[in-house]
Amino acid sequence: MLSRRGFALGLSALSLTGCASAPLGASTGLAADLRPSPNAGYDRWVAGFQGRAQARGISSQTLRAAFRGAGYLPGVIKRDRNQTEFKRSLEDYLSIAVSDKRLQKGRAAYSRHQSLLRDLEARYGVDAEIIAAIWGLESFFGDRRGDVPVISATSTLAYDGRRGTFFEKQLIAALEILQRGDVTAANMTGSWAGAMGHTQFIPTSYQAFAVDHNGDGRRDIWSEDPTDALASTAAYLARNGWKRGLKWGGEQGQATFTGRSLQPQPGGPVFVVTQNFNALKRYNNSDSYAIGVGHLADRIAGAGPLRGEFPPDENGLTKDNRITLQQRLNARGFDVGTPDGVVGPKTRAAISAFEKQQGLPESGTPSQALLRRLR
């Protein structure tokens, strides 16, 4: 089966960065390096590509409309080159993926769209809460769909050549979507790497799995109305092994079904997972992602937090310790944002600033000693 993404974008692609996008179609909110920049090499590449596209059945009219205003985006290459290869612990991942804010927003979104979600469950066999949870992780329930023009993004990456064959394929698919009339070039926006809409489909996966659920003749995953996007997600899972009526999994000791055991973080909770867990991994090939979707879905449905505890981190701090440290830094005037126990760049910068104030070596690293000093 075709992978939805086909390439790894890292956890930032899951809308776990806390950085909201501007509204769809808005260019004023784009970073300067995500706006077209003159590049003669890119222009020559586009001229050559258009011949290949026409040979694939893309009309001159579609090409003119697609590339009107499109251009080379230096920020796309920068982001592609700077993808950080790191792995969050499951504890940190879940702290973000199933944060109080995401859960509160998810329950509200589920309530608003319950009729649609239940209809999709009946039609495709995919639990309504699972569909909602994917929506929540992919675009924060539609708030972070991305506002980078897909034609510019995919053509920039195809021209760059590092993954040129893959992104030229995505560009051709995007042009075919435009030619079919599902969306206009101006409204075909997404992430810097071309993932689109409420549930972040790349163009080839859109072609394979997107559906027109509301019957208006267009498979519209970009607009404020999430109907087609959520239906497309349900269709994707249904065609990638989701079994109707089977849970994705659950925490060991709480599960009422059989499956294989999984402990993603040594010393942390153990999960029992089913074939539907594997279907979730077809959406994003990560154990943490699949557990994040499943646990968020369970919490939206009214379940409580995990009962199992996670061990202290490599610095000897528990999540409660890290939250306390963040709270004390905030109280001292060193802004870490909302204390959540996840030590990211903002927390490390705050620690460094505190260490500098105290005349200490600037490590930016949390520790028990730092926690005691902040009392």
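Guide: Helices here are DSSP runs (H or I, at least four residues), numbered from the N terminus. This is a predicted model: local features need pLDDT of at least 70, side-chain atom pairs count only at pLDDT 80 or more, and totals for chains, interfaces and linings use all residues. Residues are numbered from 1 along each chain as its sequence is written, and side-chain values use heavy atoms, leaving out hydrogens and water.

Now step back into α2 itself, residues 60-67. Its buried residues (under 20% relative accessible area, with a 1.4 Å probe and protein chains only) are Thr62, Leu63, Ala66 and Phe67. They sit on the same side of α2, because they cover an arc of only 110 degrees around the axis. That arc is taken from the directions running from the helix axis to the C-beta atoms. Turn to the face away from the buried side: Gln61 and Arg64 are exposed there, where exposed means over 50%.

What do the buried residues of α2 pack against? They meet α1 (40-55), α8 (150-160) and α9 (164-180). Contact means heavy atoms within 4.5 Å.

Look closely at Phe67. Leaving aside residues up to four places away in sequence, Phe67 touches Tyr42, Val46, Phe49, Gln50, Ile151, Ser155, Leu171 and Leu175. Phe67 also belongs to the largest nonpolar core, of 86 residues. Such a core is a set of buried Ala, Val, Leu, Ile, Met, Phe, Trp, Tyr and Cys residues joined through side-chain atoms within 4.5 Å. Phe67, Ile130, Leu175 and Met188 touch the most other members.

How values were computed: Helices (H or I, at least four residues) and strands (E, at least two) are DSSP runs, numbered from the N terminus.
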